[in-house]
Amino acid sequence: MEQVRKRAQFRQMVERLRDECRAQGLTLAPAAAEDAVAGMVQIMASGLGVREETVVRTYLDTIDVAAMVEDLARADEARKREVAEASPAVIGLEATGRLVASLAQAVRCVSRNHEQLMRGDSDRWDAIGVLDDASNGLTLVGEALEKHHPAPHGVAVLWSGESVVHARRALT
């Protein structure tokens, strides 16, 4: 895939994807755009039973970039909706401790299995997503712990809707 990424057709498709994202009001980092195109190339090569170089040379122009960006925009909107609709949660300090330990274990699983998770671009982004959600969840838990509240049976922690979403994503 390294050689494929260097080809002019591949680079042009990455730029087309980024341009379409900008036109739709989305920001897509260069590395993420490259990985998205690389993932499409791998899927097409596997489905057609041809080499990745053949896909870039012959079929890359058949990718509907506008539809791809529409899918990205829908996913971004769904993520924003999920955060907006998530309810805050009040849980006890012991349960918060167990949740922090679970998020740490999710990070540990990714780090210990990084070689298996890094076989393809899709696996890499899945692993990065787990790490990102776990780290966001842990950060927001830290903020929530700073604002703990006395409760009838000990200390309770108020989790924002966003922290609930990140924790749920990292653990599922």
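Gly92 is partly exposed, because its relative accessible area is 32%. On cut-offs: buried means under 20% relative accessible area, exposed means over 50%, and partly exposed is in between, with a 1.4 Å probe and protein chains only. Gly92 sits in strand 1, residues 89–92.

Now the ground rules. This is a predicted model, where local features need pLDDT of at least 70, side-chain atom pairs count only at pLDDT 80 or more, and totals for chains, interfaces and linings use all residues. Residues are numbered from 1 along each chain as its sequence is written, and side-chain values use heavy atoms, with hydrogens and water left out.

The overall picture next. The protein chain has 9 helices and 3 strands. Both are DSSP runs numbered from the N terminus: helices are H or I with at least four residues, strands are E with at least two. In sequence order the pattern is α-α-α-α-α-β-α-α-α-β-β-α. Of the 172 residues in the protein chain, 30% are buried. Contact means heavy atoms within 4.5 Å. Take the contacts between residues at least 6 apart in sequence: 68% of them join residues at least 24 apart.

On to helix packing. Two packed helices are described by the angle between their axes and the distance between the axes. The axes are lines fitted to C-alpha atoms, for helices over the stretch in contact, and angles run from 0 to 180 degrees between N-to-C directions.

Start with helix 2, residues 8–23, and helix 3. Their axes come within 9 Å and cross at roughly 120°. Helix 2 and helix 3 are therefore oblique to each other. The classes are these: under 35 degrees is roughly parallel, over 145 roughly antiparallel, 65 to 115 roughly perpendicular, and the rest oblique. The crossing of helix 2 and helix 3 is right-handed. Right-handed means the near helix is turned clockwise from the far one by less than a right angle; anticlockwise is left-handed.

Who makes that contact? From helix 2: Phe10, Arg11, Met13, Val14, Leu17 and Arg18. From helix 3: Pro30, Ala33, Glu34, Ala36, Val37, Ala38 and Val41. The residues of this contact of helix 2 with helix 3 split into 10 nonpolar, no polar and 3 charged. For the classes, Ala, Val, Leu, Ile, Met, Phe, Trp, Tyr, Cys and Pro count as nonpolar, Asp, Glu, Lys and Arg as charged, and the others, Gly among them, as polar.

Zoom in on one pair there. Arg11 is in helix 2, and Glu34 is in helix 3. Their side chains are joined by a polar contact of 2.9 Å. A polar contact is a pair of N or O atoms within 3.5 Å; within protein, one must be able to donate a hydrogen and the other to accept it, and residues adjacent in sequence count only if both atoms are side-chain atoms. Is Arg11 buried, exposed or partly exposed? Partly exposed, because its relative accessible area is 33%.

Leaving aside neighbours within four places in sequence, Arg11 contacts Arg5, Lys6 and Glu34. With residues up to four places away not counted, Glu34 touches Arg5, Phe10, Arg11 and Val14.

Also in helix 3, residues 30–48, is Ala31. Ala31 is partly exposed, at a relative accessible area of 45%. Ala31 and Val14 are 9.3 Å apart, C-alpha to C-alpha, and 17 residues apart in sequence.

Helix 2 also packs on helix 5, at about 55° with the axes 9 Å apart. That makes helix 2 oblique to helix 5. The crossing is right-handed. Helix 2 gives Met13, Arg16, Leu17, Glu20 and Cys21; helix 5 gives Val65, Ala66, Met68, Val69 and Leu72. The residues of this contact of helix 2 with helix 5 divide into 8 nonpolar, no polar and 2 charged.

Last pair: helix 5, residues 65–85, and helix 9, residues 161–171, at about 120° with the axes 7 Å apart. The crossing of helix 5 and helix 9 is right-handed. Arg79, Glu82 and Val83 of helix 5 meet Glu162, Val165, Arg168 and Arg169 of helix 9. That contact of helix 5 with helix 9 has 2 nonpolar, no polar and 5 charged residues.
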